[in-house]
Amino acid sequence: MSQSQKAPPPVDYDRIREIVSEHKGEPGVLIPVLQEVQEEVGYIPPESMSIIAKGLGTTPAQVQGVLTFYAMFYTAPRGRHVVRVCRGTACHVRGGANILRAVKGDLGLQDGETDEDYQFTLETVACMGACALSPVMVVGNDFYGRLNPARVGAILDGYKGGTT
Ligand code: FES
């Protein structure tokens, strides 16, 4: 987070309560509930841990344990669009470093950073399992393969502004 980072978007805790109550009583539901909350909010707000624990009849410590164990969960606010650039070997050989440089330059972010408006978060990934299409980048659920740096700006422009 930069020093000029604005306050993160407000969290809809009622929606989190709804998600919890929709799954109440189902066995082994903690991870799916956390996934759904993250999908809805973008991360797992620390304040929601007690709501989730209470609703599912477990403890905040157990929720925290799951969050700590699984790297797929985030406990800090992220951008509306998470941009993942592959830094694996196949992508590297085909110019992945230039893609990453272009993304960093376009968004003004380093690996792991979120912009001050919470529009974008930049992450690098070891391999996305699509080496034949290298170099690759994913924005949210959208996959871009056989990239070159000249395409990066136009792709990212498509996600700028708006609220979706
Ligand atoms: S190395 Fe980039 S997708 Fe495998």
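**Entry 1: α3 and α4.** I looked at how these two helices pass each other, and the crossing of α3 and α4 is right-handed. This is a predicted model, so I'm reading it as such. I got an angle of about 115° for the pair, with the axes 8 Å apart. That angle makes α3 roughly perpendicular to α4, because 65 to 115 degrees counts as such.

Next I asked myself which residues make the contact between α3 and α4. On the α3 side I noted Met49, Ser50, Ile52 and Ala53. Facing them from α4 are Pro60, Val63, Gln64 and Leu67. Sorted by class, this contact has six nonpolar residues, two polar ones and no charged ones.

**Entry 2: the buried part of α3.** I stayed with α3, which covers residues 48–56. Ser48, Met49, Ile51, Ile52, Ala53 and Gly55 are buried there. What do they pack against? I found α1, α2 and α4 as the partners of these buried residues. Just after the helix ends, Gly57 has a positive phi of about 70°.

**Entry 3: α1 and α2.** I moved on to helix α1 (residues 13–23) and helix α2 (residues 30–41). Their axes come within 10 Å and cross at roughly 150°. Angles over 145 count as roughly antiparallel, so α1 and α2 fall in that group. I noted the handedness too: α1 passes α2 in a right-handed crossing.

For the contact, I listed Arg15, Ile16, Ile19, Val20, Glu22 and His23 from α1. They meet Val33, Glu36, Val37, Glu40 and Val41 in α2. By class I have six nonpolar, one polar and four charged residues here.

**Entry 4: the loop.** Where does Glu26 sit? I found Glu26 in the loop between α1 and α2. Its relative accessible area is 39%, so I wrote Glu26 down as partly exposed. I also checked Glu26 against Leu56: they are 30 residues apart in sequence, yet their C-alpha atoms are 8.8 Å apart in space.

**Entry 5: cysteines.** How many disulfides are there? I counted zero, going by the rule that two cysteine sulfur atoms must lie within 2.5 Å. Cys131 comes out at 36%, so I put Cys131 down as partly exposed.

Definitions and conventions
Residues are numbered from 1 along each chain as its sequence is written. This is a predicted model: local features need pLDDT of at least 70, side-chain atom pairs count only at pLDDT 80 or more; totals for chains, interfaces and linings use all residues. Side-chain values use heavy atoms; hydrogens and water are left out. Buried means under 20% relative accessible area, exposed over 50%, partly exposed in between (1.4 Å probe, protein chains only). Axes are lines fitted to C-alpha atoms, for helices over the stretch in contact, and angles run from 0 to 180 degrees between N-to-C directions. Helices (H or I, at least four residues) and strands (E, at least two) are DSSP runs, numbered from the N terminus. Angles under 35 degrees count as roughly parallel, over 145 as roughly antiparallel, 65 to 115 as roughly perpendicular and the rest as oblique. A crossing is left-handed if the near helix is turned anticlockwise from the far one by less than a right angle, and right-handed if clockwise. Contact means heavy atoms within 4.5 Å. Ala, Val, Leu, Ile, Met, Phe, Trp, Tyr, Cys and Pro count as nonpolar, Asp, Glu, Lys and Arg as charged, and the others, Gly among them, as polar.
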